[in-house]
Amino acid sequence: MKLNIAVLPGDGIGPEVTKQSIKVLHAIAMEFNHTFYFSHAPVGAIAIDETGDPLPQETLDLCKNSDAILFGAIGDPKYDNDPSAPVRPEQGLLKLRKEMGLFANIRPVKAYDTLLEQSPLKVDRIQGTDISIYRELTGGIYFGEKKRNEEGTEASDLCLYTKEEIERIAHLAFKAAQSRKKKVTLVDKANVLESSRLWRKVVTDLAKSYPDVELDFLFVDNASMQLILNPKQFDVILTENMFGDIISDEASVIGGSIGLLASASVGNQFALFEPIHGSYPQAKGKGIANPIASILSAAMLLEHFTLFEEAEMIKTAVEKSLELDITTPDLNKLGKTISTEKVGDFIEDFILHPEDTNRNFTNIHLGQSTII
Ligand code: IPM
Ligand code: MN
């Protein structure tokens, strides 16, 4: 398969983790005879520095002319404590999602057996957790009208949803549940918010066309508690934009590190793949950022193009790295400092040398020679 991939590394650790995914995708291309072309473009704070615009027109054009987008991270502390900043890096990502119609953000959350001890949660609670979060991505309070009065003493953000916006992501969530454990949990705040009541009504009506899928409801406050109390009760979580943003960060605690969580943002025409973590500016350039979320996002990219065997290969390589403790400091059991680059090297190497699977990877696959 030939794929044109737009690469938007963005800010902070974005470039260093994205570099590892590209390396891994090159290995997949070589092993499976595909051709992947990568074209880089600026987005976020780095794009503001270069052009004054967090999403320059050329970047958007490149994305629209590509088969898929591989996104790094966005954000810079110099904007975080400046509420009067006229442009902000995050606007680049939000505009990109809106312009490309990426209305569904899919965030898988899994407890890896080899990492159970790394999570601050009790092992018996989290073992076997496998959740797919369907977060609405182009509506709600993120995109509703924003106002501030002239004196600067009053502000509001409108949370607006239409039936169509709810239906299109709900269909995807129900279809996903059909090939999983057949359960959808709608997370909302229908006891207070009118927009949530609309979600409940629309989703309840739509559920009738999926009689094989059980539909369940939870208020977001309760859901955030249930998520760490008994995460195994969930299969597919369907929710609006901001609730999805918040509960997915919370859910990352189950896996042991936010550095593991990948995501796919899809629409009718385009698809973007990005780790759910942010730009982690404190770690920038130190080689300590976990590249796995980005690498697993690359695996989701392959799945999007039905390259399932290839995606599986990446996942197996990732699991092997976790098993052998070839991990960055956020996960490393022995407190070793294996760098971002070395984790990427291992995963690349595993893909290029599948015949070595049973050998001692720890010694031979850390960027040293694979010839023993
Ligand atoms: C995410 C991020 C973004 C969001 C920010 C960077 C705008 O937190 O992708 O989860 O809030 O959607
Ligand atoms: Mn977030």
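This is a predicted model: local features need pLDDT of at least 70, side-chain atom pairs count only at pLDDT 80 or more; totals for chains, interfaces and linings use all residues.
Leaving aside residues up to four places away in sequence, Phe270 is in contact with Cys63, Lys64, Met100, Leu102 and Ser265. Between the C-alpha atoms of Phe270 and Tyr280, which are 10 residues apart along the chain, the separation is 27 Å.

## Nonpolar cores

The largest nonpolar core comprises 89 residues, and Phe36, Leu238 and Ile347 have the most contacts inside it. Helix H11 (residues 292-304) is its main contributor, giving eight residues. At least three residues of this core come from each of domain 1 (1-106 + 259-372) and domain 2 (120-255). Another core, of 16 residues, lies apart from it and includes Leu8, Leu55, Leu93 and Leu102.

Beyond residues up to four places away in sequence, Leu238 touches several residues, among them Tyr134, Ile169, Leu186 and Trp199.

## Aromatic pairs

Three aromatic pairs are present in the structure. Phe174 and Tyr210 form a stacked pair, 5.0 Å centre to centre with 25° between the planes. Phe174 lies in helix H7 (residues 163-178), whereas Tyr210, 36 residues away, lies in the loop between helix H8 (194-207) and strand E9 (214-219). Phe174 is buried at 0% relative accessible area, and Tyr210 is buried at 6%.

The pair of Phe346 and Phe350 is tilted, because the ring centres are 6.3 Å apart and the planes stand at 40°. These residues are four apart in helix H13 (residues 340-352), so about one helical turn separates them.

## Charges over rings

Lys98 lies over the face of Phe143, 4.8 Å from the ring centre. The charged end of Arg135 is placed over the ring of Tyr142, at 5.3 Å from its centre.

Key. Residues are numbered from 1 along each chain as its sequence is written. Chains are lettered from A and ligands numbered from 1 in the order in which they are written. Side-chain values use heavy atoms; hydrogens and water are left out. A nonpolar core is a set of buried Ala, Val, Leu, Ile, Met, Phe, Trp, Tyr and Cys residues joined through side-chain atoms within 4.5 Å. Buried means under 20% relative accessible area, exposed over 50%, partly exposed in between (1.4 Å probe, protein chains only). Helices (H or I, at least four residues) and strands (E, at least two) are DSSP runs, numbered from the N terminus. Domain bounds come from an automatic or database domain assignment. Contact means heavy atoms within 4.5 Å. Rings of Phe, Tyr and Trp (its six-membered ring) pair if their centres lie within 6.5 Å; planes under 30 degrees apart count as stacked, over 60 as edge-to-face and the rest as tilted. A charge sits over a ring if NZ of Lys or CZ of Arg is within 6 Å of the ring centre and within 35 degrees of the ring normal.
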